[in-house]
Amino acid sequence: MDGIAKFARSIDGLNEVIGKITAWSALGLVLVQFGIVMINYLYSEGSIAVQEGLTYMHSLLFLGAAGYTLLHNGHVRVDIVYSKMDEKKKAWVNLLGTIIILFPVLIIIGIYALPFVSQSWQIMEGSIETSGLHIVYILKSMILLFVVSTFLQGVSISLHSLLLLKGYEHLVEEDIVEGV
């Protein structure tokens, strides 16, 4: 059981790193937007590539940090009933929620996104604007980052829930039990 707990914690660690990296895109997003506004205001100039860069940073921020957000129980949920449950019942809800809802949805997104992203990489898809960023394939790859990081975090939540249900509470970190 120690190995399962270590595996779950390694997934948590991976999503923690991804989350901290993607958090910097928020700073980049603010700074670039500020720069765009200032240049437009002062010089009445604009740049399509810089505008598209905002889209890339926005995408990284939201799609890249989805697993991190799930790790820290930051997704929107209605927990009128959940908040009143004991830890074992919460673990059941988390386990069933990941198996019945989270995993199927992520698998469907992944199945539909993979050919979409793959084709984009094959043609090295670029912006439709001549002065835009010619790395649209990287932008589309963010969808797969979302699927993989969130799926892995779902695995971690499921493992933590199973450990708790099997009586290995000492191996489960408290903040992870909140889960899905």
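Which residues does Lys140 touch, not counting residues up to four places away in sequence? I opened my notebook with that one, and I will come back to Lys140 below. One reminder to myself before starting: this is a predicted model.

**Entry 1: the whole chain**

I began with the elements. I found five helices and zero strands in the protein chain, so my sketch from the N terminus on simply reads α-α-α-α-α.

Next I looked up the dimensions. The C-alpha trace spans about 65 × 35 × 30 Å along its principal axes. I noted a radius of gyration of 20 Å for the chain, while a compact globule of 180 residues would have one near 16 Å.

Then I checked contacts along the sequence. Among those with a separation of 6 or more, 77% come from residues 24 or more positions apart.

**Entry 2: surface and charge**

I asked how much of the chain is tucked away: 37% of the 180 residues count as buried. The accessible surface comes to about 10600 Å², and carbon and sulfur atoms hold 71% of that area.

For charge, I wrote down 10 positive and 15 negative side chains. The centres of these two sets lie 10 Å apart.

**Entry 3: two loop residues with positive phi**

I stopped at Asn73, which sits in the loop between helix H3 (66–71) and helix H4 (87–122). Its phi is near 55°, a positive value, and Asn73 is not a glycine. Is Asn73 buried or partly exposed? I have it as partly exposed, because its relative accessibility is 27% and the buried class ends under 20%.

Met124 went on the page next. This residue lies in the loop between H4 and helix H5 (136–165). Met124 is not a glycine either, yet its phi is positive, at about 50°. With a relative accessible area of 46%, Met124 is partly exposed, since exposed would need over 50%.

**Entry 4: back to Lys140**

Where is Lys140 found? I located it in helix H5.

Now for my opening question. Leaving out residues up to four places away in sequence, Lys140 touches Phe116, Val117, Ser120 and Glu125. I looked at Glu125 again, as its side chain is joined to that of Lys140 by a polar contact of 2.7 Å.

Terms used. Residues numbered from 1 in each chain as written. Predicted model: local features only at pLDDT ≥ 70, side-chain atom pairs only at ≥ 80, totals over all residues. Heavy atoms only, no water. Helix = DSSP H or I, 4+ residues; strand = E, 2+ residues; numbered from the N terminus. Rg over C-alpha atoms; globule rule 2.2 N^0.38 Å. Buried < 20%, exposed > 50% of the residue type's maximum accessible area, 1.4 Å probe, protein only. Contact = heavy atoms within 4.5 Å. Areas by Shrake-Rupley, 256 points an atom, 1.4 Å probe, with all protein chains shown as cover. Lys, Arg positive; Asp, Glu negative; His and termini not counted. Charge placed at Lys NZ, Arg CZ, Asp CG, Glu CD. Polar contact = N/O pair within 3.5 Å; in protein donor to acceptor, adjacent residues only side chain to side chain.
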